[in-house]
Amino acid sequence: MKKKNPISAFLSSREGALAVFVVICFVVLCLTTNLVGSMFVYLRDLSYLLVGGLALMMVILLGEIDISSGTVLGLIGFCSFTLVQRNVPLIICILVGILVGMLNSLVVGFITVRFRVPSMIVSLAMVKLHIGLFSLLPNAGYVSNIDPAITAVGTMRIGPFPAMLFISFILLAFFCWLMKYTPYGRKVYAVGGSAESAVLAGINSDKIKIKTYLVSGALLGVTAVMYWLPKTQVQPSSCMGMEMYFLPIAVVGGVSIMGGSGRPIGILVASFLIALLQRASYLLDLGTQWMYLSYGVIVLVAVYSMFAEIPFLKKHGKTEKGGGGNA
């Protein structure tokens with residue numbers, strides 16, 4: 001049997017169709033706005049959106065959800081940059097941020113797994129906990145006058161590109177490898193596809209879920225650092241609702257909301273789209289209401305395409321179930 005051309009296979013996939021749509025939107029915005037002039041900011045936003053999308057992908061692959069992925073960025077920002085203000089080395093501050101993200105996800109994962117409480121309920125409770133905690137923090141968690149030398153790290157360039165973009169691409173490549181070629185990756189797909197079948201196959205589904213929540217938390221820690229580093233101040237409450245960036249990326253990127261199916265490459269394409277919509281709302285002066293409206297529409301379309309009889313998408317989707325296909 002003749003092997004299908006990789007380019008043709010990609011273009012006929014869900015991710016390929018989305019990529020074509022993103023390219024069209026990109027060209028239109030370049031012709032109608034100053035997107036080229038603000039390309040550095042666009043790519044910098046893409047960096048943290050990509051990592052945040054990967055974090056949500058890991059949880060959703062299990063058939064779970066983490067709504068606290070937005071507000072926890074504010075908590076991480078406060079913890080990390082309070083240490084920055086006290087002249088703690090930046091690398092230690094970054095590691096603290098990652099540990100805070102992992103701790104938050106560990107709490108969500110442990111309660112979900114140990115007490116069989118739906119992850120949506122647990123993570124929603126964590127959101128309320130974060131919001132209440134923000135008002136109890138010194139200065140409501142507000143950290144100002146961050147050293148310009150620290151901010152310069154967040155705006156560092158490698159050629160014309162943000163340095164953070166390369167970090168996000170390295171993480172993407174790692175997760176493409178992790179999810180396709182390692183036993184852990186296959187176990188995540190198996191648990192998300194059917195936890196009962198995974199147990200019968202000898203997989204400790206609870207252990208895999210805890211590990212995956214920890215991985216997701218570490219990614220959220222990196223996301224928070226990427227988000228706050230270029231800024232001169234940290235205001236935790238401004239992160240409320242940011243989960244509405246990451247959830248659409250995961251769903252639009254092809255991660256099944258039922259779990260067990262999805263690829264990191266889809267997260268990349270969806271991140272380009274969400275970052276594009278975010279930038280377009282600013283360049284066209286449309287306001288956040290139109291941005292969130294567009295997010296809602298594309299999520300509905302993405303969910304519909306998962307279950308509707310769309311021939312070439314549905315056929316390709318079957319080959320991806322359980323993590324098959326190229327990462």
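Analyst: A helix here is a DSSP run of H or I with at least four residues, and helices are numbered from the N terminus. The model is a predicted one.

User: Why is L300 called exposed?

Analyst: Exposed means over 50% relative accessible area. L300 has 63% relative accessibility, so L300 counts as exposed.

User: How far apart are the C-alpha atoms of L300 and M226?

Analyst: They are separated by 29 Å. Along the chain, the two residues are 74 residues apart.

User: What makes E15 and R263 a salt bridge?

Analyst: The cut-off is a side-chain nitrogen of Lys or Arg within 4 Å of a carboxyl oxygen of Asp or Glu. The side chains of E15 and R263 meet at 2.9 Å, N to O. That is within 4 Å, so the pair qualifies. E15 lies in helix α2, and R263 lies in the loop between α12 (243–252) and α13, so the pair ties together parts that are 248 residues apart in sequence. Both E15 and R263 are buried.

User: How many salt bridges does the structure hold?

Analyst: It holds three. In general, side chains of opposite charge can pair when their charged atoms come close.

User: How do you know that K209 and E64 meet in a salt bridge?

Analyst: Their side chains come to 3.3 Å, N to O. The limit is 4 Å, so the pair counts. This pair links distant parts of the chain, 145 residues apart: K209 is in helix α11, and E64 is in the loop between α3 and α4 (71–85).

User: Are K209 and E64 buried or exposed?

Analyst: Buried means under 20% relative accessible area. K209 has 11%, so K209 is buried. E64 has 14%, so E64 is buried too.

User: What makes R116 and D206 a salt bridge?

Analyst: Their side chains meet at 3.0 Å, N to O. That falls within 4 Å, so the name applies. R116 sits in the loop between α5 (90–115) and α6 (119–136), while D206 is in helix α11, 90 residues apart.

User: What is the phi of R116?

Analyst: R116 has a positive phi of about 55°, although R116 is not a glycine. Most residues other than glycine have a negative phi. N87 also has a positive phi, near 65°. N87 lies in the loop between α4 and α5.

User: Why is N87 called exposed?

Analyst: Its relative accessible area is 70%. The cut-off is over 50%, so N87 is exposed.

User: Which residues make the nonpolar surface patch?

Analyst: I7, F10, L11, V20, I24 and V28 make it, and the patch is about 530 Å². Helices α1 (6–11) and α2 (14–32) each supply at least two of its residues. I24 is in helix α2.

User: What lines the largest pocket?

Analyst: The largest pocket has a volume of about 440 Å³. Of the 19 residues that line it, D45, Y48, K231, Y245 and Q278 are the closest to its centre. The lining divides into eleven nonpolar, four polar and four charged residues. Helices α3 (39–61), α11 (205–228), α13 (264–283) and α14 (288–307) each supply at least two residues of the lining.

Key. Residues numbered from 1 in each chain as written. Predicted model: local features only at pLDDT ≥ 70, side-chain atom pairs only at ≥ 80, totals over all residues. Heavy atoms only, no water. Patch = residues over 30% accessible without salt bridge, like charges linked within 9 Å, V, L, I, M, F, W, Y side chains within 5 Å. Areas by Shrake-Rupley, 256 points an atom, 1.4 Å probe, with all protein chains shown as cover. 1 Å grid on protein atoms, 1.4 Å probe; cavity = no way out; pocket = protein on both sides within 12 Å on 5 of 7 lines; lining within 4 Å. Points joined across faces, edges and corners; volume = space filled by probe spheres on them. Nonpolar A, V, L, I, M, F, W, Y, C, P; charged D, E, K, R; others polar. Buried < 20%, exposed > 50% of the residue type's maximum accessible area, 1.4 Å probe, protein only.
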